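Subject: Structure handover

Hi,

Here is the structure I promised to send over. My notes on it follow below.

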Amino acid sequence: MIFVARYIDNNNSEVTNPIQYIDTNIVARGTQQAFLDKPWIAVDIPRPGAINCPVNGLPGGNVYLAYATFPVPDESHASISFTRSRDCGATWSQAIQLVDNTYGNQGATFAIDPATGHIYLAWRQYRGSAGFIYVARSTDGGASFSKPVVVAGLTPFDQATGPNSFRTSSYPSLTIDATGRVYAAWSDRVSASGAAMCGTEACARIVVSSSTDGLTWTTPQ
């Protein structure tokens, strides 16, 4: 299962802990046939039409959460799902599946446009030893999403757990600037010219692609 625990800062003490536990709520339930993995959460600011939080009566921003679902015991295929809460994490919507498990999909992450509230959700899709970075956009507060688009293919910097290493995978990170431009960054083994650099762990580099609308993306640099 995926849970969200809620706390509130009462801001009522200088000498004791003002943080108060509220409750813990179930967001999504796995089964013996479905393993839920790598949840990612983000919170928006209160916007017009925001529902007041039931705890303190103040306007609350939407809470967004995405996760991967693996069909047990298959570890090479996974879907990406999204859910939201409009009442400060008390209840959660029916999950939307953004991509099915034809391939392996992992590492969901969000960015929220501070001006518009538009949501950009990125993840990595595994296809053998390589893969793609995908992004889907919502312009209605997470009620629906556009068809996912490819940001770029990648030759990932991945390594397995070993005596002298720990497991790591190339997952994307997202952010948005004050003009609404979206930036995606990840670790890759490909040079700016498009040629593979080399095959050792020391050859990873960070690449960045950007977009003004989440639908078309610049060549990674």
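The side chain of Ser170 puts a polar atom 2.9 Å from the backbone oxygen of Ser187. That is a polar contact (a pair of N or O atoms within 3.5 Å; within protein, one must be able to donate a hydrogen and the other to accept it, and residues adjacent in sequence count only if both atoms are side-chain atoms). Ser170 sits in the loop between strand E10 (149-154) and strand E11 (173-176). Ser170 is buried, at a relative accessible area of 2%. Buried means under 20% relative accessible area, exposed over 50%, partly exposed in between (1.4 Å probe, protein chains only). Ser170 is in contact with Arg124, Leu154, Pro156, Phe157, Asp158 and Ser187, leaving aside neighbours within four places in sequence. Contact means heavy atoms within 4.5 Å.

Some ground rules before the rest. This is a predicted model, where local features need pLDDT of at least 70 and side-chain atom pairs count only at pLDDT 80 or more, while totals for chains, interfaces and linings use all residues. Residues are numbered from 1 along each chain as its sequence is written, and side-chain values use heavy atoms, with hydrogens and water left out. Strands (E, at least two residues) and helices (H or I, at least four) are DSSP runs numbered from the N terminus.

Salt bridges

The structure holds four salt bridges. The criterion is a side-chain nitrogen of Lys or Arg within 4 Å of a carboxyl oxygen of Asp or Glu.

- Arg124 and Asp158 meet at 2.9 Å, N to O. This pair links distant parts of the chain, 34 residues apart: Arg124 is in strand E8, Asp158 in the loop between E10 and E11. Arg124 is buried at 1% relative accessibility, whereas Asp158 is partly exposed at 27%.
- Asp23 and Arg6 meet at 2.8 Å, N to O. Again the link is between distant parts of the chain: Asp23 in strand E2 (residues 19-28) and Arg6 in strand E1, 17 residues apart. Asp23 counts as partly exposed because its relative accessibility is 21%. Arg6 counts as buried, at 9%.
- Asp44 bridges to Arg47, with the closest N and O atoms 2.6 Å apart. Asp44 is buried, with a relative accessible area of 9%.

Asp113 lies in the loop between strand E7 (104-112) and strand E8 (119-127). Its side chain reaches the backbone nitrogen of Thr116 at 3.4 Å. Asp113 also touches Arg47, His118, Ile176 and Gly180, not counting residues up to four places away in sequence.

Gln106

Gln106 is in strand E7. Gln106 is buried, since its relative accessible area is 6%. Its side chain makes a polar contact of 3.1 Å with the side chain of Asp37. Other residues touched by Gln106 include Lys38, Phe70, Trp123, Arg124 and Tyr171.

Regards
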